[in-house]
Amino acid sequence: MTPQSPINPAEVPLKAPSSGVQTPDSEVTTHDVEQVERALIDASTRLPVLFFYASAIVWLLLGTLLAGFTSWKLHAPDLLANYSWLTWGRIRPAHMNVMVYGWASMAGIGTAIWLMARLCRVTLRHPLLLIAGGVFWNLGVLLGVGGILVGDSTGYEWLEFPPYATVVLFVAYSLVVSWAMLMFRFRRGDNTYITQWYLLGAFLWFPWVYGATQIMLFVVPVQGVMQSAVTWWFANNLLFLWFGAIGLGTAYYMIPKVIGRPVYSYHLAAIGFWTYALFASWTGMQRLVDGPFPAWMVTASIAATILSIIPVATVGLNHHMTMRGYFGLLRYSPTLRFTVFGSFAYTAFSLLGVFLSLRSIAGYVHFTEASIAYSHLGLYAFFTMIIFGSMYYIVPRLVGREWRYAALIKLHFWSSAYGVGLMVAMLFIGGIAQGSSMHDPSLSFSEATDSILPYLRGRSVSGMLLTIAHLIFAFHFGLMLFGLGRTASMPTFLNPQEEEAVKEHI
Amino acid sequence: MNERASGGHVRQGMDYGEDADVHEVHSAIQREKREPRAGMEPLSIWLIVVYGLAIFFGGAYLGRFSGNFSGDSLDPALIPHVKTQGPNGPGGAQTQELSQADRGKKIFSANCAVCHQPNGLGAAGQGYPPLAGSEYVNGGTRRLGMIVLKGLQGPLTVKGQSFGAAVMQPWDKTLSDAKISDVLTYIRQEWGNKGGPVAAAQIAGLRKELASHPDSFVEADLKAVPEDAELPGGEPAGAKPADAKNPAPAPPK
């Protein structure tokens with residue numbers, strides 16, 4: 001494309017966000033180079049990313065179905081009680097593991113693959129490695145969920161997959177991570193972008209968190225109550241170091257990319273990343289307040305949770321300052337709207353985490369629905385929403401079509417946002433009510449449990465909203481997958497009638 | 001990759017589907033903004049204030065609720081307990097937590113029961129004399145304090161039975177005055193023994209007195225002390241405090 005000396009796009013100075021005028025000659029050639037490069041990269045990532053996305057969405061639908069049963073059975077325990085594989089004790093772990101390993105992990109890996117290829121500025125090598133990884137991953141989740149439903153659950157929260165499924169998952173993960181390392185090894189360009197730090201961190205932290213836990217629980221099991229310490233350390237760190245890192249890395253890409261402006265500050269990003277890495281891995285034990293553990297263990301985790309305010313404030317400020325002056329774009333861009341929602345949810349999630357971990361409060365709420373609210377805030381309102389946002393950005397580039405219906409995107413966003421908002425509110429308020437009635441010695445345990453029934457029904461309603469959102473999204477994604485998207489020169493804005501006004505901005 | 005050489009591949013890569021209109025297919029990439037970069041804005045002072053606050057509260061929380069970083073303290077607010085164990089009146093062992101003898105029992109099982117056995121009968125086969133019914137335990141507190149503080153080198157005759165050359169280690173480096181007084185109170189009241197309680201202040205006095213004494217008494221040193229010699233500052237039955245100094249054993253060697 002370029003005639004003589006190829007221009008290194010990395011050396012071209014950034015254009016100021018507000019000025020619309022560029023020097024014509026150099027800008028055009030640079031753009032050409034970049035466009036060709038992106039087109040090649042996107043084409044090479046097409047198959048693996050779509051494979052991971054499609055699998056993830058199938059798991060999302062299955063997980064939603066299981067979630068519906070789980071939620072419904074809490075206030076209608078007779079529902080399908082005759083089938084042992086549909087009892088609450090099996091479908092709840094099945095639901096959680098499908099969501100964690102089937103949906104969230106696979107969708108996160110899909111996004112991570114695309115981001116890695118784009119940011120390393122190389123076409124995807126060895127796509128078979130990834131496809132094989134995806135096949136094994138699906139197989140692992142399938143075996144695991146089947147094992148749970150059959151009754152082979154290990155009984156450790158978020159680790160219920162029986163060992164034979166874990167082995168398959170491990171193979172799958174090794175394939176994916178070796179691909180990621182290869183990509184990073186053969187990257188082009190001098191500097192690595194913030195997103196790459198987080199993705200690389202996530203790819204290296206996951207085997208540590210998952211492997212260490214597997215060893216301590218199943219290979220050389222630790223004794224007694226220490227098992228629950230290991231389990232909670234795992235659950236929290238999977239949330240922070242795996243999903244949190246992928247989610248934050250994605251937000252660091254999508255926000256500046258969509259609004260076309262550099263991230264506010266490199267220094268803030270560096271501080272945010274390293275303090276996150278430092279403090280997040282200390283958390284987890286705060287779930288064990290008042291348990292039979294040395295006080296310092298629990299308190300160290302609480303202190304680390306308090307200190308995690310540092311990365312949260314830093315990352316939050318960085319995103320906010322990047323967005324400043326561009327919040328109007330939330331009206332139009334689906335990607336931006338989902339991503340910014342997720343970023344706000346991340347701040348809320350972290351601050352709620354600090355609040356719930358303090359000893360005086362944890363004593364009230366840590367055996368209640370409030371901790372379920374906390375998990376959903378992290379895994380859904382933060383991570384899943386950001387991943388939805390990235391899918392709205394990435395999929396059109398892979399299939400060469402624009403999203404078909406702006407109305408469906410809007411409906412997806414609002415039912416997801418209201419659904420998860422209602423769910424977190426119901427579970428959190430219900431959890432506090434449950435905690436205070438459990439602390440009331442004049443109430444029997446069953447009375448305390450009865451007191452949260454209205455909240456559980458409310459949670460089921462919120463679940464229906466989420467179900468609608470997921471069905472809409474799956475349908476829309478299916479249209480894209482089968483080439484039924486729009487062919488247009490403009491992206492699908494959320495408010496199409498006003499697109500002329502924002503043409504220069506997006 | 002090389003942009004110039006890959007001109008042909010570009011078309012291939014662009015050819016996503018059945019649509020021949022390259023321009024339309026590629027619109028997403030054409031309108032796309034540059035890959036994101038990071039700006040270089042400095043750190044805001046307010047953020048540093050937030051960091052300081054988080055570090056302060058995190059540290060304060062750690063200090064306040066860490067239970068002294070002790071492996072066996074399950075209670076985050078353990079710190080005050082240590083202070084309440086101060087010297088009680090010898091009879092006033094019943095505090096709001098544990099009696100002196102109860103505390104002594106814990107110390108006994110942790111430190112003494114290995115040799116003297118939980119039942120206080122010792123192990124004659126290995127040369128460990130009994131505490132139950134022992135004249136040294138039931139007699140005056142002075143001998144007992146000497147043995148525990150500085151240790152004992154056999155042989156020794158207890159209850160008419162001779163015990164061999166087993167060595168009892170000195171405990172003055174390991175156990176505090178309060179702990180020694182607790183454990184002595186315990187063994188003087190357990191297993192049918194009929195001794196009075198011992199106060200931490202008594203042990204503290206003896207510890208000061210024996211500070212320069214080398215380790216390990218022998219039987220002769222003990223015999224030099226009257227059997228009923230009590231430590232000063234203890235029971236009403238305590239022997240004359242001034243006089244108690246005189247029979248203090250001469251350095252054995």
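**View 1. Leu307(A) at the end of its helix range.** Leu307(A) lies in helix α8 of chain A, which spans residues 295-307. Helices here are DSSP runs of H or I with at least four residues, strands are runs of E with at least two, and both are numbered from the N terminus. The model is predicted: local features need pLDDT of at least 70, side-chain atom pairs count only at pLDDT 80 or more, and totals for chains, interfaces and linings use all residues. Residues are numbered from 1 along each chain as its sequence is written, while chains are lettered from A and ligands numbered from 1 in the order in which they are written.

Is Leu307(A) buried or exposed? Leu307(A) counts as buried because it has 24 C-beta neighbours inside 10 Å. The cut-offs are 20 or more other C-beta atoms within 10 Å for buried, 12 or fewer for exposed, and partly exposed in between, with C-beta atoms placed from the backbone. Leaving aside residues up to four places away in sequence, Leu307(A) touches Phe279(A) in chain A, plus Ala54(B), Ile55(B) and Gly58(B) in chain B. Contact means C-beta atoms, placed from the backbone, within 7 Å. Ala280(A) is 27 residues from Leu307(A) along the chain, and their C-alpha atoms are separated by 9.1 Å.

**View 2. Helix α2 against helix α4 in chain A.** The axes of α2(A) (residues 88-120) and α4(A) (residues 163-185) come within 10 Å and cross at roughly 15 degrees. That angle makes α2(A) roughly parallel to α4(A). Axes are lines fitted to C-alpha atoms, for helices over the stretch in contact, and angles run from 0 to 180 degrees between N-to-C directions. Roughly parallel means under 35 degrees, roughly antiparallel over 145, roughly perpendicular 65 to 115, and oblique the rest. The crossing of α2(A) and α4(A) is left-handed: the near helix is turned anticlockwise from the far one by less than a right angle.

From α2(A) come Tyr101(A), Ile109(A), Met116(A), Ala117(A) and Cys120(A); they meet Leu169(A), Val176(A), Ala180(A), Met183(A) and Phe184(A) of α4(A). The contact has ten nonpolar, no polar and no charged residues. Nonpolar covers Ala, Val, Leu, Ile, Met, Phe, Trp, Tyr, Cys and Pro; charged covers Asp, Glu, Lys and Arg; the others, Gly among them, are polar.

**View 3. Helix α2 against helix α12 in chain A.** Here α2(A) packs on α12(A) (residues 370-399) at about 40 degrees, with the axes 10 Å apart. That makes α2(A) oblique to α12(A). The crossing of α2(A) and α12(A) is left-handed. On the α2(A) side are Met99(A), Ala104(A), Ala107(A), Gly108(A), Thr111(A) and Trp114(A), which meet Leu379(A), Phe383(A), Thr384(A), Ile387(A), Ser390(A) and Ile394(A) of α12(A). This contact divides into eight nonpolar, four polar and no charged residues.

**View 4. Buried residues of helix α11 in chain B.** Which residues of α11(B) (residues 200-209) are buried? They are Ala200(B), Ala201(B), Gln202(B), Ile203(B) and Leu206(B). Their cover includes α9 (141-150) and α10 (177-189) of chain B.

View 5. Chain A has 16 helices and zero strands. Of its 506 residues, 55% count as buried. Chain B has twelve helices and four strands. Of the 253 residues of chain B, 31% count as buried. Among chain A contacts between residues at least 6 apart in sequence, 84% join residues at least 24 apart. For chain B, 61% of contacts between residues at least 6 apart join residues at least 24 apart.

Methods. Two residues are in contact if their C-beta atoms, placed from the backbone, lie within 7 Å.
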